[in-house]
Structures are given as C-alpha cells and as structure tokens.
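Reader: I have a structure open on my screen and would like to go through it with you piece by piece. Could you take me through the parts that you would look at?

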Amino acid sequence: MQSLPYLIIGQGLAGSMVALSLLERDAQVVVADDGHPQAPSRITPGLATPIAGPRLTFPPSGAAAVAASWQRWRHLECRFRRRLLYRHEILHAAGGREELQQYHRRLAESAFASWLGPAFTPGAHDGLLADPWGGFTIHGGLVDVPAFLRTVDEHLRSTGSRIDRRIEPQELRDCGDHAEVGGAHYQAVIFCDGPAGQENPWLSGIGLQRIPGEVLTVAPAYAVEPYIFHGRAGYLAPHPGHRGHFRLGATYGAPDTPARVTDAAREHLLGQLPRLLSRPPHMEVVDHQAGARPATPQRAPVLGRLPERPAAVLNGLGARAMLQAPYLAEALAEHLLTDAPIPEGCLAPASA
Ligand SMILES: Cc1cc2nc3c(=O)[nH]c(=O)nc-3n(C[C@H](O)[C@H](O)[C@H](O)COP(=O)(O)OP(=O)(O)OC[C@H]3O[C@@H](n4cnc5c(N)ncnc54)[C@H](O)[C@@H]3O)c2cc1C
C-alpha cells in the first residue's frame, strides 16, 4: 500500500503543515477542507509567543518545538518566497513582583534566555505600555496565517490534490490496512479537523475540547509603534499585511460553550485597553470574530496513529499553535513514515 496517498481532513494550520511535511518526504497527499469561516486558523492573530503565562513556560511540546518551528517557518518562507513570520518584540507588562522574579530565574536557564530580552522599569515605555510593575521583552513574532493557508492551497491545487468539501467521518471506511471514501483508496486518513474533531467519532476517545475566543481588528486613531503589547489584560498586536490595523484579543470562554460574536466581549476587550496601553488612542473596530481553540483537558496536543485503524491525528494545538504546529507536523510525518516516536509533551491518541 506504499503508493496510496494519505487523505488529510482539514487544511487549517495543522493540515497544511502535515501536507507539506509529507510531500517533502515524497509521500502523496490529498487534502479536503470544507472552508468553515470560523475555523481558528482563519481568525487567529497568529501570535508566535515562545514563552508565556505567569510561570513563563514554553508551549507543551517544549523548547525544541519552539526553536524547530521558528526554523521551519523560515525554511517555508525561502521555499515559497513569501513572508510568513514577522519578527516583533513582545513588550510584556509584568503582572507583579513574582513574575519579575520568575523572569530573572528564566534568564539563568539557557533554553529560555535566548528568547528573553531586557527588563524595563515602570514607565520606561512612556506613552506606550501600561506597566505599573515594569516588564520585560520577549523575542516573538506574528505569523501571517492567511498568507500561509493561501500558499499551501495554491500549491495543492497546482497538483490536483485539494478537495473542496466536507468529508463526513461516517463516509470513511476502515478497510483494515487502508481507508476508503467514495471509491478512492488511501493509505491512511489524517485528521487535522481542529475543533470539529470533537464530534468526529473516529476521535471519540480523545476528549477534545473547544475553548471559545473572540478577537477584534482595530484601527487606532493615530500611529502606534509595531510592538506586540502584552500583559494580563490581553494583547494588542500588528495585523500582518494590514498596515495601520491591529488585533486586540483575546477572550477565553468556558470550554465547550458556543463560539459567537458578543457585545460583551467587544466591550470587555476595549475596556481592557487602558490596562494595556498607558495612553490608548481611540480605536475604530474594523472587524470582530469568534472561533474555538481545539484543546485537550491535559492542555497538550494529540499526535500519532489511532490504534488498530488506518488513521492518525494532529489536533489539540490550543492557544499556542504557531510555534508547535510546524514541529509537530514534521514529527507526525516521521512517525508515519519511519515509526519515529512521538515527541515529548504530546498525547498519543491511545493514551489521550
Ligand atoms: C480567538 C483565537 C485567537 C487565537 N490566537 C492565537 C495566537 O495568537 N497564536 C496561536 O499560536 N494560536 C492562536 N489561536 C489558536 C490557533 O488558531 C489554533 O490552535 C489553530 O489554528 C488550530 O489549527 P487546526 O488546523 O488544528 O484547526 P482549524 O483551524 O480548525 O483547521 C481545521 C480545518 O478543517 C476543516 N474541517 C474540519 N472538519 C472537516 C471535515 N470533516 N471535512 C473537511 N474539512 C473539515 C475546517 O473547516 C478547518 O479549515 C487562537 C484561536 C482563537 C480561536
């Protein structure tokens, strides 16, 4: 069955990355996507945040995932001759003394230190960041996710390997050593279906969650410097490819509650601005979107073959997908083609 293609369900961030990783290893792929407008990959501001949270941690798949993902974005930029990852300093306003102490501890750890910039005292960014405790800089960036999805879409279409439709999980037939749908045969199905995976019976044992979130696109009344302003009140980040526009986000709803645009979230996000910027300009709201982050209760991504089935999965990327998905897609391709073990920090479908 070596010559059969893989069928990838979903061409969001995960499915796009997995398709490229398999194609680069000379495997064949067919990618199906239903174009759901609320797919998180279509609404994410694309913050590439290597270190985050009050304890200043790497995403679940660790320091290796962050470094390898960053490199992989740069590799794909060269390959497709398109700008995908924009480097921006993250000006992080510390939430208190403990966080500043944690920053100093992290500076002493080499894996963290290379992603950390200097600390600053309160008011050092006068007129910009609201930082009553001061803060520190994190070397981060922004992924132009729409440009990436378009690039992969064009690439797949140029070889006739892109299907524009929803594949119902019930249409997929388990033929033991391969899968079949509509008379076409595949070596295996790879589910990269994001939040929709929660209703996918093939993934029922995994316990995927959806964490709803809303994000605004805003146009400040006067020019704001192109930093990523970050703090406990959220973030304000440049909108790649949209000069003068920023993304203001994001809310976190209770798991598995509906993802929809609400006035309450809009008021909340705009109301947080004075806690983020010391003298926030008036912001015109240009757009307001809602979607769900695909997550797991363990907060770790799920990756690997489904036991005893011609199927595999990459899902549960959570809120920190940009610096995990490229690395995890490479790991999944190696796992499928060479039986390489799944990386640390990930859940195998059998144990999820
Ligand atoms: C408000 C918000 C802000 C976020 N901000 C950030 C951020 O700043 N940084 C960050 O790293 N992450 C962020 N995230 C998280 C990130 O966007 C997601 O983790 C990531 O996009 C998930 O990608 P995915 O490919 O797994 O899923 P998806 O984007 O959902 O892609 C799955 C694709 O599969 C398609 N599909 C599903 N089922 C089927 C089917 N049966 N047949 C055909 N097609 C199907 C869907 O239409 C979709 O296109 C944010 C998420 C939200 C909601």
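**Arginines, ligand shell and helices**

Author: Arg293 has its place in strand S16. Please keep in mind as we go that this is a predicted model.

Reader: Is Arg293 buried or exposed?

Author: Arg293 counts as buried, because it has 24 C-beta neighbours inside 10 Å and the cut-off for a buried residue is 20 or more.

Reader: And what is Arg293 in contact with, if I leave aside its neighbours within four places in sequence?

Author: With those set aside, Arg293 is in contact with Pro40, Ile211, Gly213, Gly318 and Ala319.

Reader: Now Arg247, please: where does it lie, and is it buried or exposed?

Author: Arg247 lies in strand S15, and with 25 other C-beta atoms within 10 Å it is buried. Not counting residues up to four places away in sequence, Arg247 touches Pro45, Val215, Thr217, Ala237 and His239.

Reader: Let me switch to the ligand. Which residues come nearest?

Author: There are 42 residues around the ligand, and of these Gly10, Gly12, His36, Ser41 and Gly194 come nearest. The elements that give two or more residues to this shell are helix H1 (13-24), helix H2 (40-43), strand S12 (209-220) and strand S16 (283-295).

Reader: Which element gives the largest share of that shell, and how do the residues divide by class?

Author: The largest share comes from S16, which gives four residues. By class, the shell around the ligand is made up of 21 nonpolar, 15 polar and six charged residues.

Reader: You mentioned H1 there. How many of its residues are buried?

Author: Ten of the twelve residues of H1 are buried, and the helix is mostly covered. The buried ones are Leu13, Ala14, Gly15, Ser16, Met17, Val18, Ala19, Leu20, Ser21 and Leu22.

Reader: What span should H1 have at 1.5 Å a residue?

Author: The twelve residues of H1 should span 16 Å, and the end C-alpha atoms are 17 Å apart, which agrees.

Reader: Then H8, for which I would like both the reach and the burial: what are they?

Author: H8 has 14 residues and reaches 19 Å from its first C-alpha to its last, which is close to the 20 Å expected at 1.5 Å a residue. Eleven of the 14 residues are buried, so H8 is largely enclosed by the rest of the structure. The buried residues of H8 pack against H1, H3, strand S17 (302-305) and strand S18 (311-315).

Reader: Staying with H3 and H8, at what angle do they pack?

Author: Helix H3 (residues 62-80) and helix H8 (residues 325-338) pack at an angle of about 95°, and their axes are 7 Å apart. The two helices are therefore roughly perpendicular to each other. H3 makes the contact with Ala65, Ala68, Ser69, Arg72 and Trp73, while H8 makes it with Ala325, Pro326, Tyr327, Leu328 and Glu330. By class, this contact of H3 with H8 has seven nonpolar, one polar and two charged residues.

Reader: One last topic, the backbone. Which peptide bond is cis?

Author: The peptide bond from Gly249 to Ala250 is cis, with omega near -25°, and Ala250 lies in the loop between strand S15 (246-249) and helix H7 (263-276). Most peptide bonds are trans, and most residues other than glycine have a negative phi.

Note on methods. Residues numbered from 1 in each chain as written. Predicted model: local features only at pLDDT ≥ 70, side-chain atom pairs only at ≥ 80, totals over all residues. Axes fitted to C-alpha atoms, helices over the stretch in contact; angles between N-to-C directions. Parallel < 35°, antiparallel > 145°, perpendicular 65-115°, else oblique. Contact = placed C-beta atoms within 7 Å. Nonpolar A, V, L, I, M, F, W, Y, C, P; charged D, E, K, R; others polar. Near = placed C-beta within 6 Å. Expected span 1.5 Å × (residues − 1).
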